[in-house]
Amino acid sequence: MSVVVRRLVAFIAALVLAVEAAGIVIINVVLGTVIKNQDMSLAGTDPGAMSKGTWVLGGVSGLFLLLCAALLVVAGARDRAPGRVARIVLICCAVVHGVLGALTVGLVGWAAFAWMMVVLGLIVLALVAYGPAGAGPAAGQEAGPDPEPEQPAAPAPA
């Protein structure tokens with residue numbers, strides 16, 4: 001994959017994750033406010049705790065998505081594969097998008113599922129485009145078969 005395509009995929013995935021982070025924070029703030037204003041309770045749980053928990057979840061989710069976006073921006077700017085920890089974080093983000101995508105089909109609808117799968121695809125494409133460090137052929141060595149195979153050694157005289 002060319003350098004331009006790898007960088008473009010990383011930057012687009014980062015942009016999409018940043019937009020998604022803003023959306024998640026806004027949705028959780030609205031839901032927390034609704035819970036607080038309507039004094040809702042679930043099985044006797046304190047409505048204030050539920051409201052604050054929703055706000056905290058929105059903030060943590062938004063920060064996690066922004067961290068993933070920052071890791072993709074760094075990978076795209078340096079045109080190098082993310083490090084081991086960064087790859088683990090991005091893989092976790094991809095898994096979360098896959099699981100949430102499966103849940104959104106029944107809860108929200110096919111449009112939300114399609115969005116989650118587009119984001120999942122962008123993250124996976126960015127990970128695959130950079131691949132693991134050192135997966136390619138060694139520097140200065142062409143990929144493919146040797147142009148001149150080694151000849152077997154002559155038998156030693158007895």
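The protein chain has 4 helices and 0 strands.

Q: What pattern does the protein chain follow along the sequence?
A: The pattern is α-α-α-α. Helices (H or I, at least four residues) and strands (E, at least two) are DSSP runs, numbered from the N terminus. This is a predicted model, so local features need pLDDT of at least 70 and side-chain atom pairs count only at pLDDT 80 or more, while totals for chains, interfaces and linings use all residues. Residues are numbered from 1 along each chain as its sequence is written, and side-chain values use heavy atoms, with hydrogens and water left out.

Q: How many residues are in the protein chain, and what percentage of them is buried?
A: First the term. Buried means under 20% relative accessible area, exposed over 50%, and partly exposed in between (1.4 Å probe, protein chains only). Here, buried residues make up 29% of the 158 residues.

Q: How do I read contacts along the protein chain?
A: Contact means heavy atoms within 4.5 Å. Take the contacts between residues at least 6 apart in sequence: 66% of them join residues at least 24 apart.

Q: What is a pocket?
A: Picture a 1 Å grid over the protein atoms alone. A cavity is a set of points where a 1.4 Å probe fits but cannot get out. A pocket is an open set with protein on both sides within 12 Å along at least five of seven lines. Lining residues have an atom within 4 Å of a point. Grid points are joined across faces, edges and corners, and a volume is the space filled by probe spheres set on the points. In this model, the largest pocket holds about 560 Å³ of space.

Q: Which residues lie nearest the centre of the largest pocket?
A: They are Glu20, Ile24, Leu100, Thr104 and Met116, from a lining of 21 residues. H1 (3-38), H2 (47-78), H3 (84-107) and H4 (110-130) each supply at least two lining residues. H3 gives the largest share, 7 residues.

Q: Is Thr104 buried or exposed?
A: Thr104 sits in helix H3. Its relative accessibility is 13%, so Thr104 counts as buried. A polar atom of its side chain lies 2.8 Å from the backbone oxygen of Gly101. Leaving out residues up to four places away in sequence, Thr104 touches Gly109, Ala112, Phe113 and Met116.

Q: How is a pair of aromatic rings described?
A: By the distance of the centres and the angle of the planes. Rings of Phe, Tyr and Trp (its six-membered ring) pair if their centres lie within 6.5 Å; planes under 30 degrees apart count as stacked, over 60 as edge-to-face and the rest as tilted. The count here is 1 aromatic pair. Trp110 and Phe113 form it, edge-to-face, at 5.4 Å centre to centre with 85° between the planes. The two are 3 residues apart in helix H4, so about one helical turn separates them. Trp110 is exposed at 60% relative accessible area, whereas Phe113 is partly exposed at 24%.

Q: Which residues does Asn28 touch?
A: Asn28 lies in helix H1 and is buried at 10% relative accessibility. Not counting residues up to four places away in sequence, Asn28 touches Thr54, Trp55, Leu57 and Gly58.

Definitions and conventions
Polar contact = N/O pair within 3.5 Å; in protein donor to acceptor, adjacent residues only side chain to side chain.
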